[in-house]
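Me: Got a structure I'd like to go through. Can you walk me through it?

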Amino acid sequence: PGTYRIIHSAPSQRKLKTGTLHGNWFRITLETPHPDQVIHILERIKDHVPNFFGPQRFGRYLNNHQIGKLLITGHRSEATTIMRHSHIPMTRRMYRLLEDAYLSYLFNRVVNERIPQTGLLEGDITSRNGPTGPLYGRRLDLATAHQGIIEAKVLSEEELRLSDFPWDGSRRPMFVPLKGLAHRTGDNHITFRFFLPKGSYATSVLREIAKEGFSPPSLSSFCAVS
């Protein structure tokens, strides 16, 4: 369980909706005999962490995206059979979450293809956080040049067209910065904190740390903090 602190509260004149959140602060403590190595990694990635959707997006059995593709491509009977075996409720909201998981999977594929090119390239469609990747939809504008080739390739390998998706589509930053990064170390641990914009996953930051050639450290605490 995490510790939460309310810094400020005030009544709002507007109803809070999905997307109203600006972002989250995270504080993470890693138990590791190599805190200096973690600091080095954080400094290297702080301006461009891959904005992957985290594993929690894909469910307990990591198959949400597979079910989502079946739903999008019209194989609802097969999808509901898997949902039943996976104890997933068959509600309208859950169907959409599963379809979104498939979009997340496709986005992760695009980002993985783009790495190690994290800076701007000719043909990119940009946001304030730099180059963006597709959340595919029927009205989505794909990038051109190098990035456009990646986006079209992923779609082709999935044997899909933009017109197969029942929504318009949007774009999402492929990389995000770790704002407000700070840390302190002990003999066998490091505690660090950072801010991520809404929709970005701290588990993706941990992935970048854990893949760097030493065993994934155990988590003493992992929580969103005010």
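Reply: One term to start: contact means heavy atoms within 4.5 Å. This is a predicted model, where local features need pLDDT of at least 70 and side-chain atom pairs count only at pLDDT 80 or more, while totals for chains, interfaces and linings use all residues. Residues are numbered from 1 along each chain as its sequence is written, and side-chain values use heavy atoms, with hydrogens and water left out.

Me: OK. Which residues is N51 in contact with, leaving aside neighbours within four places in sequence?

Reply: F107, R172, P173, M174, F175, V176 and S200.

Me: And is N51 buried or exposed?

Reply: N51 is buried, at a relative accessible area of 3%. Buried means under 20%, exposed over 50%, and partly exposed in between (1.4 Å probe, protein chains only).

Me: Where is N51 found?

Reply: In the loop between β2 (49–50) and α2. Helices (H or I, at least four residues) and strands (E, at least two) are DSSP runs, numbered from the N terminus.

Me: New topic. Which residues touch the most other members of the largest nonpolar core?

Reply: Y136 and F165, out of 24 residues. Such a core is a set of buried Ala, Val, Leu, Ile, Met, Phe, Trp, Tyr and Cys residues joined through side-chain atoms within 4.5 Å.

Me: Which helix gives this core its largest share?

Reply: α4, with 7 residues.

Me: What does F165 contact, leaving aside neighbours within four places in sequence?

Reply: I72, Y102, L103, L106, Y136, G137, R138, L155 and L160.
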